[in-house]
Amino acid sequence: GLFVTDYFTRTPRKLSPFRSFASIELFHFHIPEDTVIAVWNLITFKEQGGTFGDQCPDRSITVYFRSGAPSVINPLHTHFPRDTAVPGSFALTLTWTLPNRTTGVFNVTSPLPGDWFLAAHLPKDEGKISVKGLYEECQYLFQPQLIVQRLVNIAVLYPGYVTEQSMAPHNRSSLYKVFVPSYTSRVLVEVLRCHGAEGCPLWLRVRAKAPPLHNSTALDCREHAPCQLALDLPFWQHWYYVLVEKHPGVPGSVSFQVTVQLTDCSRPSLARPPFLPSSASMNMPHSFGSAGGLALGDSPPPASPNGTKHPVPIPTASPASERCWPVRPTLRNELDTFSVHFYIFFGPNVSVPPDRPAVFVINLLPVLDSGGVLNLELRLNVSSLCGENVTVFGCLNHEVPLTSGDNASVTCETESLAGFLLSVNATASLSRLRIPYPQTGSWYLSLRSLCATEHGFEPCTNVTAEVYLRAYLSPCINDCGIYGQCKLLRTNNYLYAACECKAGWNGWGCTDNAEAFSYGFQLLSTLLLCLSNVMFVPPVAIAVRSHYLLEAAVYIFTMFFSTFYHACDQPGIVVFCIMEYDVLQFCDFLGSLMSVWVTVIAMARLQPVVKQASVLYLLGAMLLSMALQMDRHGLWNLLGPSLFALGIMAIAWTARTIRRRHCYPPTWKRWAFYLCPGALIAAAAVLLYAFVETEENYFYIHSIWHLLIAGSVGFLLPPRAKPSGRLGPLPRRKGCGYQLCVNEQEELGLVDPAVASINSICTS
């Protein structure tokens, strides 16, 4: 056949350590029909500060693959909520082959067509809280690329017609496809009039949705005559691919005929008629080719594109088959994103008769519905059993209802079909099923009632069970409970939801309490973070005593909002918010930085003319508000105004040192007992905040930060000089000019005005 190669790529994205599914990077691809091979090229590289991160440590990268919906992953091996089905997925771990770059390849032969999802993440880290901008962070970027090779002009088999084929010596196989409409209970593929050098040296392989593989349903035509391969309960509204393959080493050409018969379960005594209705009535895809447009009595379709002869009509067989029961539709009611209710006509209470199953269909829209959770709930009305030991079984299957011929069967699986089993009885009258990230398409629920006997389950007689049925789509499982938050995430144009857990809880629905914080621990952490702000009371008292009223007001503002911000910022249930969280956070950050600003400006001891105008205080408030609005967690946006204030203080101290010709402050007591201890305490607080704080020790390290910062303010805040006694007349030099009086006590920066006598030095 003719192959066509398609290429798809995605933009590189930064990977994050795994904490929950909300921290992964999700990539969405679409594989076209008739694809024979798909190759993912997985490119990963490091960056640090805009350059290649050769010095970054090697961290393994895990990539998950799944068809139809995102992968449901559990790398931390946590517990899933009860009644949750976990679909499988492929996983691949990438290791580094070069210092700053690595490449992995993932091949899928004959992949299923449609949506494919890739999820990637880094291993879980120690949870260190880093200050943004303090150092260049190592970034791990991941970029997947997809290369697909697909066949074009695959020969189409028409049910009830024979297609003749001659396989040349250099050819190994011939590939066909046939479309299976709804209400088809059986697909029968047969090879007729096979002639070769060694009888019929052919393998017959059949597979749904994609070309067959080596492990697909197969039949050796040399050992079976006639060469017929039957598939019961095929997938509805899908292509089935038929591969006729020659045995290795067989010389010469092989001629044969291929035919397909479909059994219509709505008419169990008849097969599909040997004519093709219009493609609209069969709901065939546009890729069916030229098969559309035929009506009853029309001539057979033209030759297939592969050059085979015109198909010849053959009489249809009438194999005995189980009839299919009517499928009751559901009404879709969309309330919000991933909030959809499926209502049953004349429901929600449904009757399950003893002699036949009740079948319902739930249609999930492609792409739109695969990012949520499909919930199913069955509740048995015990009063409807009339005292009988009745059990109602429900089978939820994808793309085809399971209608087994064995009425006493209680399984929802066959050789080619797997489903989910639910059961309710008088003892356990409630059953739930949750499917995170369900595959889209049609889901069929088959309900049937069986009576328990000594020999197992048998069909009931004259007992019609009544069941309350509820089916709905939700973003997360139970809204992630009280210890989690359901987040709506987006990757390009694809939406999905995931839980983000807190207070040590883990799991897909935040129900795993193996590492959860106890109530006492949550209360202790909240009290430590809140009550540690009481340490600002001594600085407030010192500021009021020294007549620094504006500074005292700032410290009170900081103490108040820091207390209630941390009371609102707790991850558990010990939470108390007096305002919106964003307002409390802004006021807490602003108060902390303003405390540093006013303390440093007070230490500068600027001239009264400048300070009375409050120019620098107003300038600091405006600069800090702007910095917090730009980036509340940025290092230099917050450090810049603080360095600016320290620069003002350094200039003021330097000017006094030059003018006085001795170091300012001049007394060793001020340096030894106040300035040096205060600076060391503040430096220790900054080091703890920047390098020691993690998620596990946050509650007590940050409490120590509160204590140290408030304590450093008490040491660094300068005293206010208070003249005592009456000053005598000051000598005045004759001449024109002005008189400048400088308080020597304030100039020396002494702690207590009573330590030294007060002298005023006036200069003209």
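The lining of the largest cavity in this predicted model is made up of eight nonpolar, one polar and two charged residues. About 70 Å³ of space lies in that cavity. Eleven residues line the cavity, and the closest to its centre are Met-603, Trp-653, Pro-665, Arg-670 and Pro-718. A search of the whole structure for cavities of 30 Å³ or more turns up three.

Now to the chain as a whole. The protein chain has 764 residues, and 47% of them are buried. Its secondary structure comes to eleven helices and 36 strands. On contacts, take the pairs of residues at least 6 apart in sequence: 76% of those contacts join residues at least 24 apart.

Which residues of H2 are buried? They are Gln-522, Ser-525, Thr-526, Leu-529 and Cys-530. Looking down the axis of H2, these buried residues fall within an arc of 125°, so they line one face of the helix. The general point behind this is that an α-helix has 3.6 residues a turn, so residues three or four places apart point the same way.

And what do the buried residues of H2 pack against? Two helices: H4, which is 549-568, and H10, which is 698-716.

Definitions and conventions:
Residues are numbered from 1 along each chain as its sequence is written. This is a predicted model: local features need pLDDT of at least 70, side-chain atom pairs count only at pLDDT 80 or more; totals for chains, interfaces and linings use all residues. Side-chain values use heavy atoms; hydrogens and water are left out. Buried means under 20% relative accessible area, exposed over 50%, partly exposed in between (1.4 Å probe, protein chains only). Helices (H or I, at least four residues) and strands (E, at least two) are DSSP runs, numbered from the N terminus. The arc is that of the directions from the helix axis to the C-beta atoms. Contact means heavy atoms within 4.5 Å. On a 1 Å grid over the protein atoms alone, a cavity is a set of points where a 1.4 Å probe fits but cannot get out, and a pocket is an open set with protein on both sides within 12 Å along at least five of seven lines; lining residues have an atom within 4 Å of a point. Grid points are joined across faces, edges and corners, and a volume is the space filled by probe spheres set on the points. Ala, Val, Leu, Ile, Met, Phe, Trp, Tyr, Cys and Pro count as nonpolar, Asp, Glu, Lys and Arg as charged, and the others, Gly among them, as polar.
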